[in-house]
Amino acid sequence: MTLDGYRSTADRLLEPFVGLAARAGLTPNVVSVVAFVFAAAAGVAYVLAGGEALWYLAGAVCVGLNGSLDLLDGALARRLDTASRAGDLLDHVLDRYADVLLVVGLALGIDRPTLGLAAVTGVLLTSYLGTQAQAVDLDRVYGGLLGRADRLALIGIVTGVAAFVQPTIAGVGPVGWLLVVFAVVGHLTALQRLYYALRALAAEE
């Protein structure tokens, strides 16, 4: 279950915006930086939230913009034929910082630093295993239970809902349970990607 499998569909939907960005003279790197700024803004909003509806809603909007722009930068690079290893590196570094800011912001906003630590390690290891496959001459791994697109969608949906209702289960609210999902499923996804990579390497021998 991963939204990364629908990248081609998302690219088609973003096509008008790609053309608009190209005509405006934007570069893929600029779009990547702007996407990161929205992620940082969301992280700050979540820290300040403390159960306040307006901050959660603002964070959800910023996450949606971050995810959209994260798709746009790659599509723009392909349109302008400016894709490069440096641009790919910058994009991935900014994505990782964005992931950290979002998860840490969510955790600090509900005063659950330990749960945040477990969640952010799951998120980072998922991304690490996805790209580390390239270091051993395999294709980048996007699959698994919970990819970045899935995480962003869940953050946006859960915090959007939390802006209006905050039911608790076992004393934990929706944002807390979201962090539990990231902690547990994130590590499972990392192991799943490791399995895919090892199986691919074994098939080459």
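1. Over the protein chain of this predicted model, the pLDDT averages 87, and 94% of the residues reach a score of at least 70. Among the elements, H2 has the highest mean pLDDT, at 95, whereas H1 has the lowest, at 74. Where pLDDT is low, the predicted coordinates should not be read in detail.

2. A search of the whole structure gives 2 aromatic pairs. One of them joins Tyr46 and Tyr56 in a tilted arrangement, with 6.1 Å from centre to centre and 40 degrees between the planes; this pair links distant parts of the chain, since Tyr46 belongs to helix H2 and Tyr56 to helix H3, 10 residues apart. Both Tyr46 and Tyr56 are buried.

3. Tyr195 and Tyr196 also form a tilted pair, at 6.1 Å centre to centre and with 50 degrees between the planes. Tyr195 is partly exposed, because its relative accessible area is 48%, and Tyr196 is likewise partly exposed, with a value of 32%.

4. Thr159 has its place in helix H6, which spans residues 148-162, and Thr159 counts as buried because its relative accessible area is 0%. Leaving aside residues up to four places away in sequence, Thr159 touches Tyr46, Tyr56, Ala60, Leu106 and Val175.

5. The second largest pocket, with a volume of about 180 Å³, is lined by 13 residues, of which Phe17, Ala21, Leu26, Leu69 and Leu72 lie nearest its centre. Helix H1 (7-23), helix H2 (28-49) and helix H3 (53-80) each give two or more residues to this lining. By class, the lining of the pocket comprises 12 nonpolar residues and 1 polar residue, with no charged residues.

Conventions. Residues numbered from 1 in each chain as written. Predicted model: local features only at pLDDT ≥ 70, side-chain atom pairs only at ≥ 80, totals over all residues. Heavy atoms only, no water. 1 Å grid on protein atoms, 1.4 Å probe; cavity = no way out; pocket = protein on both sides within 12 Å on 5 of 7 lines; lining within 4 Å. Points joined across faces, edges and corners; volume = space filled by probe spheres on them. Helix = DSSP H or I, 4+ residues; strand = E, 2+ residues; numbered from the N terminus. Nonpolar A, V, L, I, M, F, W, Y, C, P; charged D, E, K, R; others polar. Buried < 20%, exposed > 50% of the residue type's maximum accessible area, 1.4 Å probe, protein only. Contact = heavy atoms within 4.5 Å. pLDDT = per-residue confidence, 0-100. Phe/Tyr/Trp six-rings, centres within 6.5 Å; stacked < 30°, edge-to-face > 60°.
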